[in-house]
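Open the model in your viewer and keep the selection tool at hand.

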Amino acid sequence: MATETPPPAKHQLPSPVEFTEAQASAEFGELRRAHRSFAFPLTIAFITWYLLYVLLSCYAGGFMGTEIAGNVNVALVLGLAQFLTTFLIAWWYARHAAAKLDPRAEAIKSRMEGGA
């Protein structure tokens, strides 16, 4: 037995001009700056950290082979630290986005959809 339910209301999409205006707004510029000021430095730091690990693995075999405890050496510890660093950055970014980026993006979205 089918029931007659109305389809969900569709939002009217903003026009290309409205998208361009939103992109040029100070509010969008602040959102972009908040993202870039977090993402770019962390990306550079992580790539530097990763390349350091690769270079040490290639050119400092003696150092990387130094045993720390039993069969655990510096290379293993630094390799595992790469994984830990990746998860920490992802967690930190999620917190940053929830606190600083998402509210700004939601305000812009709401305004463009006519809800504000």
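Select I68, V72, L76, V77, L80, F83 and F87: together they make a nonpolar surface patch of about 680 Å². Patch residues have over 30% relative accessible area and no salt bridge, with like charges joined within 9 Å and nonpolar side chains (Val, Leu, Ile, Met, Phe, Trp, Tyr) within 5 Å. A salt bridge here is a side-chain nitrogen of Lys or Arg within 4 Å of a carboxyl oxygen of Asp or Glu.

This is a predicted model: local features need pLDDT of at least 70, side-chain atom pairs count only at pLDDT 80 or more, and totals for chains, interfaces and linings use all residues. Residues are numbered from 1 along each chain as its sequence is written, and side-chain values use heavy atoms, without hydrogens and water.

Now colour helix α4 (residues 74-112), which gives the most to the nonpolar patch, with five residues. Next, pick V72 in strand β2 (residues 72-73). Helices (H or I, at least four residues) and strands (E, at least two) are DSSP runs, numbered from the N terminus. V72 is partly exposed, at 32% relative accessible area (buried is under 20%, exposed over 50%, partly exposed in between; 1.4 Å probe, protein chains only).

Move on to the rings. How many aromatic pairs are there? The count is two. Ring centres of Phe, Tyr and Trp (its six-membered ring) must lie within 6.5 Å; planes under 30 degrees apart are stacked, over 60 edge-to-face, the rest tilted. Select F38 and W92: edge-to-face, 5.2 Å centre to centre, 80° between the planes. F38 lies in helix α2 (residues 26-59) and W92 in helix α4, so the pair ties together parts 54 residues apart in sequence. F38 is buried at 11% relative accessibility; W92 is partly exposed at 45%.

F38 and Y93 form a tilted pair, 5.8 Å centre to centre, with 45° between the planes. Y93 is partly exposed at 31%. Show F38, W92 and Y93 together: they form one aromatic cluster.

Methods
Areas by Shrake-Rupley, 256 points an atom, 1.4 Å probe, with all protein chains shown as cover.
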